[in-house]
Amino acid sequence: MRGIITIILFISTVLLFSCEELDSIVQCQECVYDEPQAAELRIKTGSTDWIIYGSKPVVIRIYEGNLEDNILMASFTTTSDVTSYTVSLNKKYTVTATYKLGDNTYIAVDSVVPGVKYIKNQCDEPCYYVYGRTLNLRLKYTGD
């Protein structure tokens with residue numbers, strides 16, 4: 001019995017530490033040949049998805065680290081479905097989108113740690129690929 005528990009713990013540890021933070025599919029058209037020093041976050045708000053309310057401004061707040069650290073880097077308003085913002089690599093960023101719909105306020109939260117990976121064989125030529133930079137802050141319409 002002790003041997004089975006040891007094997008299960010070993011396999012669990014290997015699986016836990018073997019995961020690599022790389023998007024499974026590399027978009028070769030997004031590769032660059034010079035190593036990037038920064039990443040451009042892609043913030044998806046879907047602000048025009050709410051046809052009932054029309055295109056409403058969405059307040060975006062970008063925090064360095066966790067939300068509870070409260071280190072606000074930027075705050076701006078957008079009506080675009082996708083917004084970009086340039087940040088440093090290998091740091092955690094938490095982003096909130098605040099929607100005001102009628103008398104209700106909704107806040108969506110997501111976080112990422114953008115990084116860079118050198119790709120040797122997946123594209124026509126070796127290149128650098130920035131991963132972990134897309135945030136999904138779209139609200140789901142429930143039909144209520």
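Contact here means heavy atoms within 4.5 Å. The model is predicted: local features need pLDDT of at least 70, side-chain atom pairs count only at pLDDT 80 or more, and totals for chains, interfaces and linings use all residues. Residues are numbered from 1 along each chain as its sequence is written, and side-chain values use heavy atoms, with hydrogens and water left out.

**A threonine in strand β5**

Start with Thr96. This residue lies in strand β5. Strands (E, at least two residues) and helices (H or I, at least four) are DSSP runs, numbered from the N terminus. Leaving aside neighbours within four places in sequence, Thr96 is in contact with Val59, Ile60, Arg61, Tyr63, Leu67, Ile107, Ala108, Val109 and Leu137. Is Thr96 buried or exposed? Thr96 is buried, at a relative accessible area of 6%. The cut-offs are these: buried is under 20% relative accessible area, exposed is over 50%, and partly exposed is in between, with a 1.4 Å probe and protein chains only. Across the strand pair, Thr96 stands opposite Val109 in β6.

**The sheet**

Strand β5 covers residues 93-101 and is joined to β6 by nine bridges. The two strands run antiparallel. Strands count as paired if DSSP finds at least two bridges between them. β5 and β6 belong to an open sheet of four strands, in the order β3-β2-β5-β6, with antiparallel pairing. Which strands stand at the edges? They are β3 (72-78) and β6 (104-112). Each has a single partner strand, so one side of each is left without a neighbour in the sheet. From one strand to the next, the twist averages 15°. For such angles, axes are lines fitted to C-alpha atoms (for helices over the stretch in contact), and values run from 0 to 180 degrees between N-to-C directions.

**Nonpolar cores**

A nonpolar core is a set of buried Ala, Val, Leu, Ile, Met, Phe, Trp, Tyr and Cys residues joined through side-chain atoms within 4.5 Å. The largest core has 20 residues. Leu41, Ile43, Ile60, Val95 and Tyr99 touch the most other members. Strands β1, β2 (58-64), β5 and β6 each supply at least two residues of this core. β5 gives the most, with five residues. Another core lies apart from the largest one.

Not counting residues up to four places away in sequence, Ile60 itself touches Ile43, Thr45, Ala74, Ser75, Phe76, Thr78, Val95, Thr96 and Ala97.

**Disulfides**

A disulfide is a covalent bond between the sulfur atoms of two cysteines. The cut-off used here is a pair of cysteine sulfur atoms within 2.5 Å. How many disulfides does a search of the whole structure find? It finds two.

| Disulfide | S to S distance |
|---|---|
| Cys28 and Cys123 | 2.0 Å |
| Cys31 and Cys127 | 2.4 Å |

Cys31 sits in the loop between α1 and β1, and Cys127 in strand β8. The pair links distant parts of the chain, 96 residues apart. Both Cys31 and Cys127 are buried.

The torsion about the S-S bond of Cys28 and Cys123 is about -90°, so this disulfide is left-handed. Cys28 is in the loop between α1 (2-17) and β1 (38-44), and Cys123 is in the loop between β7 (115-119) and β8 (127-131). These two cysteines are 95 residues apart. Cys28 is partly exposed, with a relative accessible area of 33%. Cys123 counts as buried, at 11% relative accessibility. With bonded cysteines counted along the chain, the disulfides follow the pattern 1-3, 2-4.

**Backbone and rings**

Two asparagines have backbone angles to check. Asn70 has a phi near 60°, a positive value in a residue other than glycine. Asn70 is found in the loop between β2 and β3, and is exposed at a relative accessible area of 57%. Asn90 also has a positive phi, of about 60°, although it is not a glycine. Asn90 lies in the loop between β4 (82-88) and β5. At 58% relative accessibility, Asn90 counts as exposed.

The structure holds two aromatic pairs. One of them is Phe76 and Tyr85: the ring centres are 6.2 Å apart and the planes are at 20°, so the pair is stacked. Rings of Phe, Tyr and Trp (its six-membered ring) pair if their centres lie within 6.5 Å; planes under 30 degrees apart count as stacked, over 60 as edge-to-face and the rest as tilted. Phe76 is partly exposed, with a relative accessible area of 21%. Tyr85 counts as partly exposed at 24% relative accessibility.
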